[in-house]
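Have the sequence and the 3D view side by side. We will go from chain to chain, and then to the place where they touch.

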Amino acid sequence: MAFLDLSNLEKVFGTNRVVKDFSLGIDKGEFVSLLGPSGCGKTTVLRMIAGFETPTSGSIHIDGQDVTAQRTNQRAIGMMFQAYALFPNMTVADNVGFGLRVKGIPKPDRDARVTEMLQMIGLPDLASRFPFQLSGGQQQRVALARALAPQPRVLLLDEPLSALDAKVRVSLRNEIRQIQRKLGITTIFVTHDQEEAMSISDRIVVMNGGIAEQAGAPFEIYNNPRTRFVAGFVGTLNVLTATVENAEQGLVSVEGQTVTLATGAITGRKGDRVALALRPEAIRLGRDHGRPIVLPATIEEVHFLGSVIRVRVRVAGTVVALDTFNRPDQPPPPLGSVAEISFAAGDAILLPD
Amino acid sequence: MTRVFAWTAFLLGVLFFALPLAGMTEFSLKMRRGEYSFDAYRRVFEDQRFWDTFSYSLILAGATIVFGVLLVVPTAYWVRLKLPQARPVIEFITLLPLVIPAIVIVFGYIRLYNTSSVLPLTGSALGTDVLLTMGYATLALPYMYRAVDTGLRTIDVATLTEAAQSLGAGWITILARIILPNVLVAVLSGAFLTLAIVIGEFTMAALLNRPAFGPFMQLLGANRAYEPPALAVIAFAITWGCMGLIQLVTRFSKHERAKV
């Protein structure tokens, strides 16, 4: 059994089945993200682990102990919330020491632990401040220290970065990951931001409609999506319609070009339509060595993003997005100009129905 | 033009409230013929009944506040946290004392808790005091509930509760260490309103035959000329003193400043 074991979890609110037969095993020290759109059930799963919601069916085990019927305050979990949730009437030190005080830790030990935690989050001088005297990023750091101070078995993060501005988000997520690695604490992170999930997770569970569509390492999820939803939700995806020419040999045609996919990759008969997906970074503007499939295109939109330029081109009836690196000697193509795009068959992802 | 209207309305308001008060205060100082004096106040303070009834009402006000806080804070908290759909019903119930006259409530009490009932509270002085405290708590319910509910609205009750639970806290710790300190100013304003109500309440205390301040004021008002306005001024001073205390508590409560 995994350190944190969720087995066949179900949650029904009235007539609405929010979580359906959700099973997941998380190893000790692993950082797992639950990723999905609003209403997919990710927060409900987290809240069931925390004990804020009771599963309609299924079980939750932490370190071999069945905690399904246990109250939240008996589960030894730490949690960070989107709204920080620092206690407004307490100073930073009191907030961090709250869990220790509830546990009955003597004051000298408590103070030492609070100091250690504040040093860990880089705010040793703010112990006597009140939450309203801190910035959003500082408040969330304190919330992290508070959650970790009682040495919980599992750390639960409920979209803790959503209320922060972009720069603080990136620095804090890296900080959270560093601290998590250092302490080796099993962590579950709920987010709808796929970039955030991919950047810090050991494993991502992509959820949709209350079920886990796919679980795997970020690299695997991004490059080998198992469902059309995962492919579309994680990263940007261009979907081209292809026609099967010879299923056994893996031959399909896209806009008159024959593309050879891996043998056995496709099923179906000649003339059947299949969906081929391509990530923006797999497509080049113009011809390129190693990308033998070339299609004519018209430039529709150009977005200069700094180091990367995202270009949207129209290929027959489909709009395709592609990324190119910014080069000062190569200005972006003018809108409406005719160009070519190229890609390799190996980069194409065959989407299941 | 708008400013002129605003100032006119303000001045009219001040005159409406301040003029009778000034007239009453002036009258309370005219006990000695031809000159102003504090004779009426001296007479009031020299009367032992004043101290007896005032201290009795003060003790009962304290008991009412403690009972009210213990009843209202957990109720308002629970309704906000777990039963938001029951809020209109609870609000309606807490408003009932405003539409049901105190005399009706106290007759109900007397019928229910008389000496021949299952719970004969009126059979002893202590029992009647308990009954009177419950009655006062009922009268103060609309103010106490609203004050506490408004205080709870300024904090994220659900998230703070969940944060405390995740740190191992139980319900009593959450209420005592997280919720109550964060709505303390609201609770205090409810408490001071309760104090003002209890100090001036007449009907219940008179019908239950208890030596409270309200019946004493009525007795004095029926028999004397200058002491009643002096008593009214004293009552106002107590109320304003309480309001000042609320402000003081807010000012000294550091975290409360964040909400301003």
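Two strands pair if DSSP finds at least two bridges between them. Helices (H or I, at least four residues) and strands (E, at least two) are DSSP runs, numbered from the N terminus. This is a predicted model, in which local features need pLDDT of at least 70, side-chain atom pairs count only at pLDDT 80 or more, and totals for chains, interfaces and linings use all residues. Residues are numbered from 1 along each chain as its sequence is written, while chains are lettered from A and ligands numbered from 1 in the order in which they are written.

Start with chain A. Eight helices and 20 strands make up its list of elements. The C-alpha trace of chain A spans about 75 × 50 × 35 Å along its principal axes. An automatic or database assignment sets the domain bounds. Chain A is divided into domain 1 (4-233) and domain 2 (238-351). Their centres, taken over C-alpha atoms, are separated by 39 Å.

A residue is buried if 20 or more other C-beta atoms lie within 10 Å of its own, exposed if 12 or fewer, and partly exposed in between; the C-beta atoms are placed from the backbone. By that count, 40% of the 353 residues in chain A are buried. Two residues are in contact if their C-beta atoms, placed from the backbone, lie within 7 Å. Of the contacts in chain A with a separation of 6 or more, 64% are between residues 24 or more positions apart.

Now find strand β3 (residues 31-35) of chain A. Why is β3(A) largely enclosed by the rest of the structure? Five of its five residues are buried. In a regular strand the side chains alternate between the two faces of the sheet. Both faces of β3(A) are covered. A:Phe31, A:Ser33 and A:Leu35 are buried on one side, and A:Val32 and A:Leu34 on the other.

Which strands does β3(A) join? Five bridges link β3(A) to strand β8 (residues 186-191) of chain A, and the two run parallel. Four bridges link β3(A) to strand β9 (residues 203-208) of chain A, again parallel. A:Val32 has a partner in each. In β8(A) its bridge partner is A:Ile188. In β9(A), A:Val32 stands opposite A:Arg203.

A loop comes next. A:Val67 lies between β5 (65-66) and β6 (77-80) of chain A. A:Val67 counts as buried because it has 21 C-beta neighbours inside 10 Å. Leaving out residues up to four places away in sequence, A:Val67 touches A:Ile60, A:His61, A:Ile62 and A:Arg75.

Move on to another sheet of chain A. Here five strands form an open sheet in the order β15-β19-β16-β17-β18, with antiparallel pairing. Its edge strands are β15 (284-285) and β18 (318-325) of chain A, each pairing on one side only. Eight bridges join strand β17 (residues 308-315) of chain A to β18(A), and these strands run antiparallel. A:Val311 stands opposite A:Leu322 in β18(A).

Chain B is built from other parts. It has twelve helices and zero strands. Its C-alpha trace spans about 70 × 65 × 30 Å along the principal axes. Buried residues make up 33% of its 260 residues. Among contacts in chain B between residues at least 6 apart in sequence, 75% join residues at least 24 apart.

Follow helix α3 (residues 48-81) of chain B. The helix has 34 residues and reaches 49 Å from its first C-alpha to its last. That is close to the 50 Å expected at 1.5 Å a residue; the expected span is 1.5 Å times one less than the number of residues. The buried residues of α3(B) include B:Phe54, B:Leu60, B:Ile65, B:Gly68 and B:Tyr77. Among the elements that cover the buried residues of α3(B) are α6 (125-153), α8 (171-182) and α11 (213-223) of chain B.

Finally, look at where the chains touch. The contact takes 20 residues from chain A and 19 residues from chain B. On the chain A side, β6 and α2 (92-103) of chain A are the elements that give two or more residues. α2(A) gives the most, with four residues.

How confident is the predictor? pLDDT is its confidence in each residue, from 0 to 100. Chain B averages a pLDDT of 90, and 97% of its residues score at least 70. The model scores ipTM 0.84 and pTM 0.82.

Key:
pLDDT is the predictor's confidence in each residue, from 0 to 100.
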